[in-house]
Amino acid sequence: MTVSVEPTTATPHRDQTEQALRPHAEQAFAAELAALAAQDDRPRPARWKLSPWAVATYLLGGTLPDGTVITPKYVGPRRIVEVAVTTLATDRALLLLGVPGTAKTWVSEHLAAAVSGDSTLLVQGTAGTPEEAIRYGWNYARLLAHGPSRDALVPSPVMRAMAEGMTARVEELTRIPADVQDTLITILSEKTLPIPELGEEVQAVRGFNLIATANDRDRGVNDLSSALRRRFNTVVLPLPESADAEVDIVTRRVEQLGRSLDLPAAPDGIEEIRRVVTVFRELRDGVTADGRTKLKSPSGTLSTAEAISVVTNGLALATHFGDGVLRAGDVAAGILGAVVRDPAADRVVWQEYLETVVREREGWTDFYRACREVSA
Amino acid sequence: MTGARESTAYDAGPLLLGVRHHGPGSARAVRAALEAARPAVVLIEGPPEADPLIPLAADPGLRPPVALLAHAVDEPGRSAFWPFAEFSPEWVAIRWALDHGVPARFIDLPATHTLAWAREEGESGAGGHEGAGGDHPTGADGHASGSDGHASGADGHASDPDNHEPGPDDQAAPGPGGRRPGPDDAGEVRVDPLAVLAEAAGYDDPERWWEDVVEHRGPGADDPFAPFTAVAEAMTALRERYGAGGHRDLVREAHMRLRLRAARKEFGHAVAVVCGAWHVPALRERTTVTADRALLRGLPKVKTDVTWVPWTHRRLARSGGYGAGIDSPGWYGHLFQAPDRPVERWLTKVAGLLREEDRIVSSAHVIEAVRLAETLAALRGRPLPGLGETTDAVRAVLCEGSDVPLALVHDRLVVGDALGEVPESAPAVPLQRDLARQQRSLRLKPEALERDLELDLRGDTDAGRSRLLHRLRLLGVGWGEPARSRGGTGTFRETWRLRWEPELSVRVAEAGVWGTTVQAAARAKAEADADAARALADVTALAEQCLLAGLPEALPVVMRVLADRAALDTDVGHLAQALPALVRSLRYGDVRGTDTGALAEVAAGLAERVFVGLPPACAALDADAAEEMRAHVDAVHTAVGLLTESLATTGGEAGGASTGAERAGGASKGGALSGGGAGREVGGGLRERWRGVLRALSLRDTAPGVIRGRAVRLLLDDGALRPEEAARLMGLALSPGTPPAAAAAWIEGFAGGGGGLLLVHDERLLGLLDTWLTGVPADAFTDVLPLLRRTFAAYEPGVRRTLGELVRRGPGDRPGGAAQAAAVPGFAAEPDTARADAVLPVLRLLLGLTADDGTGTTDTTGMTETTDHGSLAGVGT
């Protein structure tokens, strides 16, 4: 699950004919991109639709000289966006790392939209992603009828991006099996894709680049080989900086989910949400919110996305089995499940946290009791 | 050529080189300007008392970073530092003058006055913070491009009474003296002229602006004087707009002008001045000698001494306490040293460091990092990549997005480990004076002859001696070593073996880095040691030392480190080891009346962690590990007992401590709750929870027998477990299904260590044991024997004999065997009055009663009340 930090103030300029559930970035923000392009007088790298400065502005937001307001697409440190844009400008592939819910996909989509004007050259990484998805496949009917030729070739998004000098995107790179990942090495270092069947090759045109996203805390992923890793500049997208920002994200997302599940909005839920977010943040950061006490961190990721699911579950519990008000007891079991992933080590971490932090915190007595109950 | 330059250099009067202190670009520019102008004398902002020390700078034994240290002769704690790094423009100017045989002079207001100012403030009750603020009402001095971090760093420090007296703004006080205020100074509203200039240029960060405009300008500009002219003009504009600073600035500038006039009289027109850029317009000003003299009249004075002391890059850094306010001395040093291509060289250096730490970094990485840094600089509109750009590049390319190796880079390269050196010919450091003074007042002469010293800590002098010796030990000056006391084990006695070796003087000089008084130095050293300590036990030992040395001010830092270490340590053994020492310190602190609230809080937290971690840690242990764990259980048990008492008695004090923490900011309600009024309740709760842990252990099948047995025994001794329950548990542990070896281990845990009296008195337990032992199969008996022998051999001979007799007599032989179960174990069912009577004569003797006046006197009544046995009272009447 991915939570984008999509600003509510964004006013997508939908095409009248556009009926898609979710338009692409370049469609939704076409007006902003056009305004930026019109006023962008800085040098642009080959085949870039905008200059790096304009790309950074597109992501971070701002006001153009003519008064056009560019909405911020990414809310977070400026440094991150600058490094990302610069990486693309220097011809290096960009790897966006982060735990789920840090807007990796969102940033990659908007970068591609701003740089190449097209965010659709996308390879979705899964455990079953084959080599063909990254290199090329064959149209077997044609292949059998006419023999091997360029016409029988089905290019992958990466291959098309190379041929046209566009930005390709690879989602969830670490989920792709290691041998398939390694097909990217030649593409990224030699900037060429050989087609031995035809004795040809596709050479990347200037402007080609690749943005990959990966989850750095999940278990069971295929870690990148150092050869591949070396070809990327890595940018780690941080978790929301402040508790307030995170509570905000969780609340908004829970509301959206709750609506689709026909759960009534909990009136007093905000306190409980704040508590869940606090627990998650403290355990994740290994330090209490006041910064005075260090804590051990459990093995789970404890991402914002998990906090959302804990709250949604609690809300469902409260609605169907409780009095409709989200209470400590409704989220306690969910939190325990999210924190204790490794029964031995994590349980100690959790107990320590309960006994040294939660027990003494003012106003948390009900929460402490509820947690003791489910932990016992 | 040179002649032509010279003529232009001195056209407008003396050559005034306005710099930013510790700016590498300024340093380079100063060198170029001096080379071009070839002055006959170089005047430098700094205390004139240090003039005789300037030639020492040519000594190869003097290696920057170093600092000029001025201190009041009779009060070494009152001091001021003028740090010099290799890349400081002042240092460059000094070296240039020495290399070219040109005299160099310091021209700032003498330290004798600045230190006296500081004293006045201290006496008039103005805090260091306020004082420093009053010093520079516009903040101009401290901020104007750091035009004054140099000298005012000294001011700020000197006017900081907290240097030797603990106070609330201890941390914040050095800030205002720094080049610009740290974040903790946010409360003070000031105008920062540099920020105004930067804003005018479209920069949001004044540091960055200065770096781009001045520091990053490469050499080879056509006119070596141009940057100084530009800066001087800007500063003039600023001073016109924002005023020239406070009274003290005017006084200092008046003094500089006087010295400048004197120098021109002596050396002619070829005079160069290196000073903070902020002062340049003031030196250019035309004032009369009389007016300047008037400003300087009637300044307070204090007898002052100046010397060179070694300095470190870490102390130059802002985070370093007496910081000169430079975030990145290592980076500046690099910028200054690198002959060309600073970015490429820097990134190569970073790559080298990462390789040393076994990270795979290839040259291709470095190439990409350089490209990224340069493009990033272009994107951000900077002429050259600065530290920010290179850091971003290092993170994205060399560190794969991780901040962990980046922290290493920051610590080792950006700040750096550089350590200055000072030759032996430098004058004595104030620490030596302070030590000598204390030796005099405590009548403790340094003697080469070894001798033992007995201290009775109840006396003031002896307590002072003990503190001094402990502090010196902390500083690594091993004058006295604690020795085993001959006269018993009282906590108020200490024995020391004293011996003053000549090399200890050298150690004292080395320790001068840490501070100017023994106390301040020991404190700084303790805090640094705490940060550097690796093992948890080291930190607890340090806490104990701090208490012994009477350094409660260092405790907060030590405690913070301790709490952090404890939180992250996953080995319960370490925690269990640390707890007793900590509790000991707590008790000891009580004896000395130190505020141990923080200590109590940490100890309670540590105990909690042990409680949580102990049961899981007791699973799957082999015999040796189990034995070790049993020792931990014992130690924790004792510690919890002591801790509970301490918490109950110090509830009030702990409350005081937590308000202290609140004052320091960032206190949570939880903290107040744990340390404050809840002390008693927390203490009682601790003991209860510990018993819960012991109970859990005693029932846990996966725990080794020796630990289970021990847990039962501890609970029984505490009265938390009824004897019948203990007997039941023993029966369980010794039931036929249990392997004999495990059962023997249980017995060892239960009966070992604490003496065998329990078995003597509780025959039922003995009977159970006896039954089990006779039931052990013959082939298993040889396995069990060593364990049992180990257990029972530790008993005293008398106990062993009694046990043997009891066993020989066998169960049921005793009179009233059935009734015994109801009686208190160890006591007969009926009191034996005849035996009780036999004691009476002795009791009478002890109480001073005659044989017949016992009846009805208050004494006997008292006796009756205090004794429980009716038989005794009856005899009395």
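Here is a friendly set of questions and answers about a predicted model with chains A and B.

Student: In what order do the strands of the five-stranded open sheet of chain A lie?
Tutor: Let's start with how strands join up. Strands of a sheet pair through backbone hydrogen bonds, either parallel or antiparallel. In this open sheet of chain A the pairing is parallel, and the order is 4-7-10-3-11.

Student: Which residue of strand 7 of chain A is the bridge partner of A:V123?
Tutor: Strand 4 and strand 7 of chain A run parallel and are joined by three bridges. In strand 7, the partner of A:V123 is A:V170.

Student: How many bridges join strand 7 of chain A to strand 10?
Tutor: Strand 7 covers residues 167-171 and runs parallel to strand 10. As an example of residues facing each other, A:R169 stands opposite A:I211 of strand 10. The number of bridges between these two strands is four.

Student: And which residue of strand 10 of chain A is the bridge partner of A:G98?
Tutor: Strand 3 (residues 93-98) pairs with strand 10 in the parallel sense, over five bridges. The partner of A:G98 in strand 10 is A:N215.

Student: Is strand 10 of chain A largely enclosed or open, and why?
Tutor: Check its two faces in turn. On one side A:N209, A:I211, A:T213 and A:N215 are buried, and on the other A:L210, A:A212 and A:A214 are buried too. Seven of the seven residues are buried, so strand 10 of chain A is largely enclosed.

Student: Moving to chain B, how many residues of helix 24 are buried?
Tutor: Helix 24 (residues 518-532) has 15 residues and reaches 21 Å from first C-alpha to last, close to the 21 Å expected. Its buried residues include B:V518, B:R523 and B:D529. The helix is largely enclosed by the rest of the structure, because the number of buried residues is 12 of the 15.

Student: Is B:P385 buried or exposed?
Tutor: B:P385 sits in the loop between helix 18 (363-379) and helix 19 (387-398) of chain B. Among the residues it touches are B:V343, B:A373 and B:T390. A residue counts as buried when 20 or more other C-beta atoms lie within 10 Å. B:P385 has 26 of them, so it is buried.

Definitions and conventions
Residues are numbered from 1 along each chain as its sequence is written. Chains are lettered from A and ligands numbered from 1 in the order in which they are written. This is a predicted model: local features need pLDDT of at least 70, side-chain atom pairs count only at pLDDT 80 or more; totals for chains, interfaces and linings use all residues. Two strands pair if DSSP finds at least two bridges between them. Two residues are in contact if their C-beta atoms, placed from the backbone, lie within 7 Å. The expected span of a helix is 1.5 Å times one less than its number of residues. Lists of a residue's contacts leave out its neighbours within four places in sequence.
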